[in-house]
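Dear colleague,

I am handing over the structure below, together with some notes on what was found in it. Please read them with the structure open beside you.

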Amino acid sequence: YGENPHQEAALYGNFSGTFEKLHGKELSYNNIVDIQAAAELVGEFSDPTVVIIKHTNPCGAGSGPTLAQAYGKAFATDTKSAFGGIVAVNRPLDLETARLIDGVFTEVVIAPQFEEGVLDLLKKKKDRRLIRQTRPLERELVIKQVAGGILLQTPDDLPLVEEQLRVVTNRAPSEEERASMLFAWRVAKNVKSNAIVYARRDRTIGI
């Protein structure tokens with residue numbers, strides 16, 4: 001069904017060409033929308049990063065030397081909203097991080113690869129969807145239906161280039177403040193509606 005049980009839904013195209021389901025129940029309409037949102041956000045980061053999505057909105061994001069450390073930061077942002085959420089990582093998912101994820105009810109886990117033993121652990125929850133992202137996201141157009149037609153726009157894929165940023169306040173940010181704002185910028189871009197993101201240089205504090 002669709003967003004609500006009384007709505008019918010269908011998937012057209014080649015979604016499975018980017019997201020391969022390795023385990024779990026059939027993907028729902030809401031799962032697919034959340035998978036897209038999670039992949040878009042985690043794709044913003046080059047450091048090892050974990051993002052947690054709930055109802056298409058991020059409820060936590062963290063980066064660190066390891067995915068396990070990144071997950072701890074992302075989860076700490078909002079431990080309640082993470083329940084039943086979608087977790088995406090931008091590195092092969094290792095066993096240490098998988099154990100942390102397994103300790104919280106998680107609907108979907110998305111990773112580019114799963115290291116040895118990880119699938120065996122995560123498959124113990126028979127309904128949990130395990131998704132391998134096989135290639136980067138590619139979007140040429142964003143499409144919405146409107147009264148009597150279709151509205152199109154190009155995706156919000158403008159790269160954030162530090163050298164092009166301009167300080168317009170009397171006081172320039174410190175290095176720590178600048179790094180924190182750059183992290184928050186990437187998350188805020190992926191928050192629906194009016195976005196307020198509190199962040200440090202490697203994690204969200206509140207969304």
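Helices and strands are DSSP runs, a helix having at least four residues and a strand at least two, and they are numbered from the N terminus. Please keep in mind throughout that this is a predicted model.

With that naming, isoleucine 143 is found in strand S7, which covers residues 142–146. Isoleucine 143 counts as exposed because its relative accessibility is 57%, and together with Leu141, Ile150 and Leu152 it makes a nonpolar surface patch of about 420 Å².

A quite separate topic is the loop between strand S2 (49–54) and strand S3 (57–63), where histidine 55 is found and where threonine 56 also has its place. Histidine 55 has a positive phi of about 55° although it is not a glycine, and threonine 56, likewise not a glycine, has a positive phi of about 70°. As for accessibility, histidine 55 is exposed, with a relative accessible area of 62%, whereas threonine 56 counts as buried because its relative accessibility is 18% and the cut-off for buried is under 20%.

Strand S2 also holds threonine 49, which counts as buried at 0% relative accessibility. The side chain of threonine 49 reaches the backbone oxygen of aspartate 47 at 2.8 Å. If neighbours within four places in sequence are left aside, the residues in contact with threonine 49 include Val42, Gly62, Ser63, Leu67 and Ala70, and also Ala88, Val89 and Asn90.

Finally, I would draw your attention to helix H3, which runs over residues 95–102 and has Thr97, Ala98 and Ile101 as its buried residues. In general, an α-helix has 3.6 residues a turn, so residues three or four places apart point the same way. On the other side of H3, Glu96 and Arg99 are exposed.

What do the buried residues of H3 pack against? Their partners are helix H2 (67–77), strand S4 (85–89), strand S5 (106–111) and helix H4 (118–122). At the start of H3, moreover, aspartate 94 has a side-chain oxygen that reaches to within 3.1 Å of the backbone nitrogen of glutamate 96.

Methods: Residues numbered from 1 in each chain as written. Predicted model: local features only at pLDDT ≥ 70, side-chain atom pairs only at ≥ 80, totals over all residues. Heavy atoms only, no water. Patch = residues over 30% accessible without salt bridge, like charges linked within 9 Å, V, L, I, M, F, W, Y side chains within 5 Å. Areas by Shrake-Rupley, 256 points an atom, 1.4 Å probe, with all protein chains shown as cover. Salt bridge = Lys/Arg side-chain N within 4 Å of Asp/Glu carboxyl O. Buried < 20%, exposed > 50% of the residue type's maximum accessible area, 1.4 Å probe, protein only. Contact = heavy atoms within 4.5 Å. Polar contact = N/O pair within 3.5 Å; in protein donor to acceptor, adjacent residues only side chain to side chain.
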